[in-house]
Amino acid sequence: MFFIDTVELTGLGNRSYLAGGATAAVVVDPPRDVDRLVAAAARHGVRIALVVETHVHNDYVTGGLELARLTGARYLVPAGARVSFDRVPVEDGDVLPVDDGLALRAVATPGHTPHHTAYVLEEGGRPVAAFTGGSLLIGTVGRPDLVEPRLTEQLARAQHASAHRLADSLPDTTAVLPTHGFGSFCSAGQAAGAGAGGTTIGAERAHNEALVKDVDTFVAELLAGLDDIPAYYAHMGPANAAGPAPVDLTPPRRADAAELAARLAAGEWVVDLRSRVAFAEGHLAGSFNFEGTGSLATYLAWLIPWGKPVTLLAGTADEVAAAQRELVRVGIDRPAAAATGGPAAWTPDGERPRSFRRADFTDLAATLADTPAADGGRPVVLDVRRASERAGGAVTGSVHIPVHQLPGRIAEVPPGTVWVHCAGGMRAAIAASLLDAAGREVVAVDDTFTGAVEAGLTGEPRPDATSTP
């Protein structure tokens, strides 16, 4: 009898898997911090015999090389991937024994990358699960534009063919277990939700975009719907191809208020991991708010200038440790320092913590109604959602700068009090902290965008509103 454990990486929207039998197991697409997988194998009483990659990842740093080194497992990487370390190259059709009666069969599934490979888990020769990586996701496929712009359409067509190859060769009952598609920006479309068990070939055959649309329609719609690519993705592929170093999750050195002030004065990033509510109520002047419980790794890695030192602030040492674990997954290996407690302890003597107001869309509507358009005190409404989100509706007259572009475009925000919003509050809090650190008067709209619709605020942006392509 086989087992499959799912390891959730909720911050990045990914999953890794441990699958095995009575004595041995395989790990599929492991994250950088491999201790959770080692512990899971120990709970099952099995050794990790194989570590496999479906592709050279563009959205996180793999732990595959280190996990293979720690466990003595064979490290399997698609033969077409160009890497700088020793590995077992995998070709289409290779069958790899896992345990007694349990094996993996490699299936070439180009599209997300040219060398992408899925792995079918077979028990007694019968397919029971397919680890589809960035190929066949839940309701969609992995995006084809992360490798080379000139290859995007070709890879999109390959994605369609690969999805059909899997669907045509596997029974409807076969579990589909993708790596991407649970919030990951590697997904080409909005992936449907699913529990730890994922989905099945039969379910995908009925609903997946790649399987219910002809190739030309699928490719046209896929290419038209591609969203922004996080900036840090440019560093992930090269790091994975070179062979990532082991991680160091030991606590960072502790910084006092004087050191925090010096780091801010030097232009370094000081990141407050506390909730957006706590940050708005009081924070160290100049610090930025990236909630540790949100998509910390994605948005911090996306916005921070690559390689710039970062110091972490949190309520507790455990919160710092959790953030470290998230950040090593995207190549931010060691915080320069850390401090715990609260803004009173982080603020130099003689200074006071800063704060700003939080509100909802009803408050914004009331403020706009009370301030005539001709009044020079009319607030600025800043929308920091992505362009694809704004296409579905926007606050009338709002200025648009996506949050990932804001650090380089703060000077474009018109003068006045800035009411900043996103779709749910988290990105608005990030943007509010960036504006506050720049000395702007800001109000963070901590509300879902449906509140803007209900408050009657939505319509066309004003003609002179800042926008992006």
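Residues are numbered from 1 along each chain as its sequence is written, and side-chain values use heavy atoms, with hydrogens and water left out. Because the model is predicted, local features need pLDDT of at least 70 and side-chain atom pairs count only at pLDDT 80 or more, while totals for chains, interfaces and linings use all residues.

Helices (H or I, at least four residues) and strands (E, at least two) are DSSP runs, numbered from the N terminus. In α10, 8 of the 8 residues are buried, so this helix is largely enclosed by the rest of the structure; buried means under 20% relative accessible area, exposed over 50%, and partly exposed in between, with a 1.4 Å probe and protein chains only. The residues concerned are Leu296, Ala297, Thr298, Tyr299, Leu300, Ala301, Trp302 and Leu303. Their cover includes β13 (269-272), α11 and α15 (426-437), where contact means heavy atoms within 4.5 Å.

Helix α11 covers residues 317-328. Its 12 residues reach 17 Å from the first C-alpha to the last, close to the 16 Å expected at 1.5 Å a residue; the expected span is 1.5 Å times one less than the number of residues. Val320, Ala323, Gln324, Glu326, Leu327 and Val328 are buried in α11. An α-helix has 3.6 residues a turn, so residues three or four places apart point the same way. The elements covering the buried residues of α11 include α10 (296-303), β15 (310-314) and β16 (337-340).

How do these two helices pack? Two packed helices are described by the angle between their axes and the distance between the axes. For α10 and α11 the angle is about 65 degrees and the axes are 9 Å apart. Axes here are lines fitted to C-alpha atoms, for helices over the stretch in contact, and angles run from 0 to 180 degrees between N-to-C directions. The crossing of α10 with α11 is right-handed; a crossing is left-handed if the near helix is turned anticlockwise from the far one by less than a right angle, and right-handed if clockwise. On the α10 side Leu296, Ala297 and Leu300 take part, and they meet Ala323, Glu326 and Leu327 of α11. These residues divide into 5 nonpolar, no polar and 1 charged. In this division Ala, Val, Leu, Ile, Met, Phe, Trp, Tyr, Cys and Pro count as nonpolar, Asp, Glu, Lys and Arg as charged, and the others, Gly among them, as polar.

Gly11 brings the loop between β1 and β2 (14-20) into the picture. Gly11 is buried, with a relative accessible area of 9%. Not counting residues up to four places away in sequence, Gly11 touches Ser295, Thr298 and Glu326.

Glu8 lies in strand β1 (residues 3-9). With 29% relative accessibility, Glu8 counts as partly exposed. Leaving aside neighbours within four places in sequence, Glu8 contacts Asn14, Arg15 and Arg36. Glu8 and Ala322 are 314 residues apart in sequence and 14 Å apart in space, C-alpha to C-alpha.

Asp29 sits in the loop between β3 (24-28) and α1 (35-44). Asp29 is buried, with a relative accessible area of 0%. Its phi is near 50 degrees, a positive value in a residue other than glycine.

The crossing of α3 with α6 is right-handed. Thr152, Glu153, Ala156, Arg157 and His160 of α3 make the contact with Val215, Asp216, Phe218, Val219, Leu222 and Leu223 of α6. This contact divides into 6 nonpolar, 2 polar and 3 charged residues.

The 18 residues of α3 should span 26 Å at 1.5 Å a residue, and the end C-alpha atoms are 26 Å apart, which agrees. Among the buried residues of α3 are Thr152, Ala156 and His160. The cover over its buried residues includes β8 (102-108), β9 (117-123), α4 (201-207) and α6.
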